[in-house]
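Visitor: Please take a close look at a single part of this structure.

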Amino acid sequence: MSATAGPPAPALTGGARGGLVLFLVRLLVMAAAVIGWQLGARAAGNPYFLPPAQIASGMYHRWFDGPASHLWLTADATANLLPSLGRMLAGWAIAATAGVALGVAIGRLPLLADLAEPLVHLGRAVPPPTLVPVFLFLFKIGTPMEVAAVAFGVIWPVLVNSIDGARHVDAGYTETARAFRLSAAQRLRRVILPGAAQKICAGLRLSLALALVMMIISEFAGSTDGIGNEMLTAQSTFDIPLMWQIIVLLGILGIVINAAFALAERHILAWQRPGQAAA
Amino acid sequence: MTAGITTASRAARRGYRGAAGLLLVLGAAQLALWAAQVSPTAFPLPSAVLDSAAHLGTSGGFWASVGSTMAVWATAMAITVAIAVPAGLLLGTRPWAERALSPLIEFLRPFPAVVLIPLVLLIVQDDTKTELVIVVYAAIWPVLINTIYGVRGVSQLAKETLRSFGFGPLPVAFLVSAPSAAPFAATGVRIAASLAFVVAIAVELVGTGMNGIGAFTAAEEGGTGSTAILLAVALWSGLIGLGLNAVFAGAERLAFRWHFALAATSGELG
């Protein structure tokens with residue numbers, strides 16, 4: 001999946017004016033898409049296709065019209081959005097911790113790598129949705145089952161990228177650290193983890209996007225609250241506006257989560273950006 | 001000569017160790033479950049899972065489900081390639097269009113397609129078509145984006161060289177652009193193939209009354225309720241997924257040997 005997760009290529013046209021023109025063109029394209037959707041949906045008058053303005057106002061009243069003391073979140077939002085986000089982040093955090101720890105160990109120890117290779121290949125080939133019923137059986141309906149499903153589903157990108165990153169740390173650095181008699185813990189903290197950081201971050205980012213998907217699948221399969229459960233309610237009551245609201249909310253959520261991680265990643269990896277190294 | 005022998009013996013050693021690792025983990029799990037006297041209904045023994053997997057291997061019902069999933073998968077992949085490759089070629093050769101549309105693509109791409117299941121079911125009113133729509137939506141992005149990258153990375157020098165020899169736009173496209181972009185598109189197709197398989201199972205699991213592997217597990221979950229069978233289905237699905245990936249990776253290596261010789265691509269495990 002790494003091929004699709006690459007950073008966007010820098011714009012070819014240099015200069016501030018080119019950037020501004022591009023920005024305006026992009027804004028225009030997005031605006032045209034939204035306006036086209038609005039006009040098209042209104043002209044069609046089809047009950048299944050709602051115009052975006054109606055979806056947006058519905059979303060506002062459903063989730064973000066609450067008292068200031070609750071950060072403007074409504075009761076519906078605190079009852080459904082927060083549990084879903086909590087499960088997603090908990091599952092991702094477990095996967096991140098376990099994935100990095102195991103991945104670095106496998107990446108640095110050739111014997112362990114040989115032993116673990118078929119297991120890792122098989123584990124990441126298992127489609128995570130097939131395990132949701134298993135977790136449903138082991139944990140019954142509830143948060144532990146959803147967290148487990150998210151954690152198992154998203155550990156693989158972190159694990160594989162951590163293995164790859166730790167394995168390919170520049171031997172010059174590790175040998176130097178050895179020559180200076182750094183302890184194993186120091187080598188890990190000062191040489192191996194920073195050397196593998198870029199790969200690890202790429203894995204963490206992929207798995208964060210995946211966590212959103214696994215959260216929804218697990219909530220579809222069995223839950224008593226959460227965004228997925230709200231979607232099931234909408235389905236059983238044919239509440240089409242609610243369906244659209246959830247779809248748009250999750251689309252925005254995916255982008256916000258990705259942007260937040262990109263920001264954090266830029267902070268974490270700031271020291272190894274080529275621009276600063278050259279300066 | 002000696003180099004060949006050492007790589008061969010190293011590969012053999014990796015094979016032995018890999019098998020040992022599998023046996024070690026399964027054996028440890030088996031012993032731990034025995035020692036703790038965990039009831040087989042609470043958590044199945046690895047031996048029970050392997051036994052169920054062997055039974056599933058000869059079960060007509062299971063393979064009918066696999067066939068149903070694979071039929072949808074194949075159709076979805078054909079639609080995906082038919083849409084995403086031409087679109088990628090178009091956007092890749094017109095950088096201004098690609099740059100103008102990129103926010104829209106970046107908005108649509110990370111969207112979790114499974115959320116659409118209830119709405120698409122309601123609109124399409126057909127299980128198979130719903131599954132197709134969702135799977136194609138999920139699978140299209142890796143192919144599209146890899147094709148764009150591939151076309152964009154075509155050597156300007158090679159194109160100019162051909163042009164200066166008097167070749168027209170069509171020969172340049174076929175002799176330079178297509179061969180250098182194809183390996184990237186193929187990588188996108190391989191990623192999409194694995195993704196499509198997983199998403200198809202997810203749709204079958206979530207949608208009610210569907211066919212396929214996902215529906216098979218959902219039915220087992222409600223019926224026998226045996227975790228050993230559920231894990232056996234997951235195991236078989238994993239093996240099928242591995243097989244799919246191996247077929248596509250093998251085809252890539254065969255078709256684009258020259259490309260892999262030029263650019264040693266890593267990133268895969270081992």
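Which residues have the most contacts inside the largest nonpolar core, and how many residues does the core have?

Guide: This is a predicted model, in which local features need pLDDT of at least 70 and side-chain atom pairs count only at pLDDT 80 or more, while totals for chains, interfaces and linings use all residues. Residues are numbered from 1 along each chain as its sequence is written, and chains are lettered from A and ligands numbered from 1 in the order in which they are written.

The largest nonpolar core has 137 residues, and those with the most contacts inside it are B:V114, B:I134, B:V135, B:A139, B:A196 and B:V199. A nonpolar core here is a set of buried Ala, Val, Leu, Ile, Met, Phe, Trp, Tyr and Cys residues joined through C-beta atoms within 7 Å; buried means that 20 or more other C-beta atoms lie within 10 Å of the residue's own, with C-beta atoms placed from the backbone. Helix α8(B) supplies the largest share of this core, 20 residues. Helices are DSSP runs (H or I, at least four residues), numbered from the N terminus.

Take B:I134 from that list. Leaving aside neighbours within four places in sequence, B:I134 is in contact with B:A113, B:V114, B:L116, B:I117, B:V120, B:V199 and B:V203. Contact means C-beta atoms, placed from the backbone, within 7 Å.

Chain B also touches chain A: 58 residues from chain B and 56 residues from chain A take part in the contact. On the chain B side, α8 (169-206) is among the elements that give two or more residues, while α10(B) gives the most, with 10 residues.

Technical notes. Two residues are in contact if their C-beta atoms, placed from the backbone, lie within 7 Å. A residue is buried if 20 or more other C-beta atoms lie within 10 Å of its own, exposed if 12 or fewer, and partly exposed in between; C-beta atoms are placed from the backbone.
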